[in-house]
Amino acid sequence: GHRVGSVKLTDLCREWDGISRRRSPSPRYAQCCHAVLESFVQYLATNHAPAAEMAAVTQEMAKNFLKAETVRGITGKTWNDELKLLRATFKHLRRKAGLVDNPFDEIPLKDTDTVNREPFTPAELKLILDAASSDAFIRPLIITAACTAMRRGDCCCLKWTDVDLPNRFVTVKTTKTEVTVMIPMLPPLYDLLRETVRTESEYCFPQQAEMYHTNPDGITWRVRKVLKAAGFHDLS
């Protein structure tokens, strides 16, 4: 009863932006989704070149992409998040793209084991901070994380507007829960921010924020490198 549509894979991000929602996604979340969608499109262009439109994507192609992500070393949670994003994207665009079936529909989510994380002891934190002392890029993030327990993205994207040096508080709206929290500023973080030279950037750590936006895995790799130098080798 309606014209069969089509959507080019190269337009996938733009079409995702146009999906009707109750509220607009945050710029940071949209950027993360774009990265996954672009990675998927690039994978198909490299490994399944004849597939130029969404309707040409098969379940086998979808499974092969997710297998490649597993080989890349992403966590089970990240794998599930990517599957959910791609499944939802194909679902919402099914009519516009002329889809008969959603290639991601019958792919089950992975079981993810709950990990009980033990906090580092003061002695362990000293080892980590000592190992990070020679890395001017990652040291500020290590100190920020140790003093606030914030996630990777919140540490990298800490803004000067979040920082109250006179009263020694950091006030941030967390990325994952979108809850605003006030965190007392411990002396190492206070000293770090007091000594940090402010630039025209809104971010306290502009280079780290840029890497997080363009290559977040690079941040994780450098943190792991410091942890290994501190003697922590079981980082799975």
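Helix packing and selected loop residues

The buried residues of helix α4 are Trp 79, Asn 80, Glu 82, Leu 83, Leu 85, Leu 86, Thr 89 and Phe 90, where buried means under 20% relative accessible area, exposed over 50% and partly exposed in between, with a 1.4 Å probe and protein chains only. The model is predicted, so local features need pLDDT of at least 70 and side-chain atom pairs count only at pLDDT 80 or more, while totals for chains, interfaces and linings use all residues. Residues are numbered from 1 along each chain as its sequence is written, and side-chain values use heavy atoms, with hydrogens and water left out.

Helices (H or I, at least four residues) and strands (E, at least two) are DSSP runs, numbered from the N terminus. Helix α4 covers residues 76-92, and its 17 residues should span 24 Å at 1.5 Å a residue; the end C-alpha atoms are 24 Å apart, which agrees. The expected span is 1.5 Å times one less than the number of residues. The cover over the buried residues of α4 includes α1 (12-17), α2, α3 and α5 (94-97). Contact here means heavy atoms within 4.5 Å.

Helix α2 is one of the elements covering α4. It has 21 residues and reaches 30 Å from its first C-alpha to its last, close to the 30 Å expected at 1.5 Å a residue. Its buried residues are Ala 30, Cys 33, His 34, Val 36, Leu 37, Phe 40, Val 41, Tyr 43 and Leu 44. An α-helix has 3.6 residues a turn, so residues three or four places apart point the same way. The buried residues of α2 pack against α1, α3 and α4.

Helix α2 (residues 27-47) and helix α3 (residues 59-72) meet at an angle of about 115°, and their axes are 10 Å apart. That makes α2 roughly perpendicular to α3; angles under 35 degrees count as roughly parallel, over 145 as roughly antiparallel, 65 to 115 as roughly perpendicular and the rest as oblique. Axes are lines fitted to C-alpha atoms, for helices over the stretch in contact, and angles run from 0 to 180 degrees between N-to-C directions. On the α2 side the contact is made by Val 36, Ser 39, Phe 40, Tyr 43 and Leu 44, and on the α3 side by Met 61, Asn 64, Phe 65, Ala 68 and Glu 69.

Ala 149 has phi near 60° and lies in the loop between α7 (139-148) and α8 (152-156). Ala 149 is exposed, with a relative accessible area of 70%. Arg 168 also has phi near 60°, and its place is in the loop between β1 (163-164) and β2 (169-173). Arg 168 counts as partly exposed at 38% relative accessibility. Leaving aside residues up to four places away in sequence, Arg 168 touches Ile 183, Pro 184, Met 185 and Tyr 190.

Arg 139 is placed in helix α7 and is partly exposed, with a relative accessible area of 35%. Not counting residues up to four places away in sequence, Arg 139 touches Ala 132, Ser 133 and Leu 192. Arg 139 and Leu 192 are 53 residues apart along the chain, and their C-alpha atoms are separated by 9.6 Å.
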